[in-house]
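Today I am opening my notebook on charged side chains and how they pair up. Have a look along with me.

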Amino acid sequence: IKQFENRAIFGANAKIISEKQVGSIDAKFIKGVGLRYDLINDVQLSHTKNRKEVIDRIQLGDVKQTNMYAFFNSEFNLGKFKVSPAVRLDYFKFIYNDGLQINYETLTKNKAILSPKLNFLYTHNYNLQWFLKSGIGFHSNDTRVVLQQNVDKVLPKAYGLDFGNIWKPTPKIVLNTALWYLLSEEEFVYVGDAGIVEPSGASERFGIDFGITFQFTDWLFFNTDLTYTKARSLENSNGEDFIPLAPDFTMVGGLSVTNLGDFSGGLQYRYIDDRPANKNNSIVAEGYFIADFNVNYKMKAITLGIAIENIFNIAWNETQFATESRLQNESNPVEEIHFTPGTPFFAKARVSYRF
């Protein structure tokens, strides 16, 4: 296959920040407007021979996408409470010139959407802070959705809610905890074989995030972040409602060394659990645990560094997805995992000069 595009992005934005006294309340206001224009020519997906000769074109066209927006953010300090209401207005114009049509057909859609949010912050004391965050946004703004003739929700709404705290139980430990929920009216999935963006129905996700940072000494730190998520489609029956490639458990963290004389560096790890690769979880994308290491030594303006990726040389799959393929000796296509292999044990050296 061959994928190609030629993209130019233009934009501008401006905002005004003001601080005022509303009665006895300290307030901060941010008002702004902006524009982004994407000009993307020759967006193509083609079958090729020997990666050079084009056999047939699956998709070919030009994209012109305009996004104009305005927003208003505010903060009101009420002693230990801080209240932050905000609102944003977005207007999109999608234009797709379909190069596969004889007359180079032009497809157009316009859509405006209002996105409010409301956040609360409560500082219990110097060591404990609570937050409640809520907001409405939208899931996608991909112009190629206009290729779907019956799509009404080109900017489907997403509703989010977070509740949690930041707690410092001792001078050397910081804990972060959050419970969250996300409801999407429609999810758009890019279908690689067809080169289109396809609606896949409403979905919900909820979970818990937990993080800890511990300072052993002035120069040695430990941190880790864990997430547990349940993600399900709302328009499929039980057992057929998995969201492909949505992880249920992830973890990242490591040890960091800073300002140990002229040395710095660390040992980092990342983990992702096995996750469904299709809607009924009959095909599984394998998880992995990978660790990386780096060390740096500073000599005045020169810094020498060594970085080692995948120090245990784990065989892992980076990009994974379930798709159909057929070998020459197979009579029918087979749906199975296709993947990009992850980086094996790999070391590199670095020299930098700062002036």
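Entry 1. I began with E5 and R7, whose side chains meet in a salt bridge, 2.8 Å from N to O. For the record, a salt bridge is a side-chain nitrogen of Lys or Arg within 4 Å of a carboxyl oxygen of Asp or Glu. A note on what I am reading: this is a predicted model, where local features need pLDDT of at least 70, side-chain atom pairs count only at pLDDT 80 or more, and totals for chains, interfaces and linings use all residues. Residues are numbered from 1 along each chain as its sequence is written, and side-chain values use heavy atoms, with hydrogens and water left out.

Entry 2. I looked up accessibility (buried is under 20% relative accessible area, exposed over 50%, partly exposed in between, with a 1.4 Å probe and protein chains only). E5 is partly exposed at 36%, and R7 is partly exposed at 40%.

Entry 3. R7 also meets D38 in a salt bridge, 3.0 Å from N to O. This pair links distant parts of the chain, 31 residues apart: R7 is in strand β1 (residues 2-22) and D38 in strand β2 (residues 25-49). I noted that strands (E, at least two residues) are DSSP runs numbered from the N terminus. D38 is buried, at 5% relative accessible area.

Entry 4. Which residues join in a network of salt bridges? I found E5, R7, R36 and D38 linked in one.

Entry 5. Next came R270 and D292, a salt bridge with the closest N and O atoms 2.9 Å apart. R270 lies in strand β14 (residues 263-272) and D292 in strand β17 (residues 288-299), 22 residues apart. R270 is partly exposed at 28%, whereas D292 is buried at 18%.

Entry 6. My tally for the structure is eight salt bridges.

How values were computed:
Helix = DSSP H or I, 4+ residues; strand = E, 2+ residues; numbered from the N terminus.
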